[in-house]
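Please open the model in your viewer and keep the selection panel at hand.

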Amino acid sequence: MSEHSTPGSPMVGSHRAEPAEDPTDLVTQIAAALPAWLPTQRWFGGKDREITAVRPLAATEIPAGDDALLLHLVVEVEQGDRSEPYQLLIGHRDDQVPDVPASASIPLADGPAVYEASGDADLTCHLLDLIAAHATVDGVEFAPEPGAELESGLRGHPISTEQSNTSIVYGGQYILKLFRKLTPGTNKDLVLHRALREVASDHIADPLGSISGELAGEAVTFGMLQRFMPDAADGWVMATTSVRDFMADTSGLPPGELGGDFSGEAYRLGKAVADVHADLAQALGTRDADTAELADTVDAMLERLERVVGEVPELADHADPLVEAFRAVADVPPPVTVQSVHGDLHLGQVLRTLQGWLLLDFEGEPAASVVERASLRSPLRDVAGMLRSFDYAAQQLLVGQPDEEGQADRAAAWAEHNRAAFCDGYAKESGHDPRDQDVLLRAFELDKAVYEVAYEHANRPDWLLVPMASIRRLTTEGS
């Protein structure tokens, strides 16, 4: 495929539409408006703190025709002692107001009508075209993966289910994920998808292209293009549909004896996760963690607990059994195998196709540091994440509802039934039952629940009951 480059200044590329006399001034105006606008966006991860400053780091105009502006903008968002880079697509069209949500509009104090452009199909179509052409625009590289033959000229529309990123689907064939909060280096999601493709994993959608560049002198991944699975079913939707059917039934039968039982799918999902772990081990290797690493793991869990107790005082009532569970990890006998893992596995990160389960989004936890995401971990971290997700699926119907007698018990029964099926499937495929490593698995699940407490406290206070109920159950079971 051919490669070409569009020249332009380091800050803003060649200018076509004329929304302002000085493109750099337009970027300054946009940055000034972002402290009020960013917290209204679902993908913005800093809703827990006030924005103290927004500084432009890079702006590149993407070729989009003579009557339109598509600006790829990277800004540094400062929130007290925390500064993080975010990626935006800014749009402006001379001829008409595009059909995008009102929340996409970015009001400027004195400037043209601009908006977040991920929902503008007339502009985002150019991103796919540039990847297909292997183009470079002012240092931003749009590249197909080796051997990928891409169809250009397709219109795209964003999907609405994501939180920390934005994905655009093109013609039911491709899906382009734009990483909103940027991290230095090649994004882990792209790294692991490439590794899994090399070993012919059956449980991923193959990577087809990427958008990359540099930020502060380091490589950065802006986006990843994959095959889109139009007929796939969302794991979270499947599980919660099963929960609703079970909770609505008045027969009193256990979950395994009713129609809509999810345990068969949970079993197959457990096998798929074990298969992906084996593929990652083959592609990228494994090693045994030493006692110092286990001690560091304990310290990290204790530090998280201390921080979250400071933010959510009601967690303090469970601090002693949590500390005990975390400290027990230091006494786990070797070997403890670590490897590359998914890092943020839950039912919303899996799709059911006719061929089987696919795993998505290998970035790791949105709030985790770059070092944490890149570090090798026990595969039990992913198992624990999925077990937590079964609890969430079961208890989500209880959020904001009256405390009806028996409903919490029925939700717990559904969760336990499917948690067991998932572990059975994982054990069948891997040859190792994760429940046999009960000390590690319990600690990892509790650590994930503490993470969830902090997240729900900052973002969805009504949902705080879900991880808190799990912590009460897990600490009681272990006493």
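This is a predicted model: local features need pLDDT of at least 70, side-chain atom pairs count only at pLDDT 80 or more; totals for chains, interfaces and linings use all residues.

Residues are numbered from 1 along each chain as its sequence is written, and side-chain values use heavy atoms, with hydrogens and water left out.

Begin with everything selected and coloured by secondary structure: the protein has 12 helices and 18 strands, taken as DSSP runs (helices H or I, at least four residues; strands E, at least two) and numbered from the N terminus. Along the principal axes, the C-alpha trace spans about 70 × 50 × 45 Å. Of the 479 residues, 52% count as buried (under 20% relative accessible area, with exposed meaning over 50% and partly exposed in between, for a 1.4 Å probe and protein chains only).

Next, select residues 291–311, which form helix H6; the 21 residues should span 30 Å at 1.5 Å a residue, and the end C-alpha atoms are 31 Å apart, which agrees. The expected span is 1.5 Å times one less than the number of residues.

Within H6, show the side chains of Leu294, Val298, Met301, Arg304, Leu305 and Val308, which are buried. Seen down the axis of H6, the buried residues fall within an arc of 125 degrees, so they line one face of the helix; the arc is that of the directions from the helix axis to the C-beta atoms. On the other side of H6, Asp296, Glu303, Glu306 and Gly310 are exposed.

Finally, go to the start of H6, where a side-chain oxygen of Asp290 reaches to within 3.1 Å of the backbone nitrogen of Ala292.

Note on methods
A polar contact is a pair of N or O atoms within 3.5 Å; within protein, one must be able to donate a hydrogen and the other to accept it, and residues adjacent in sequence count only if both atoms are side-chain atoms.
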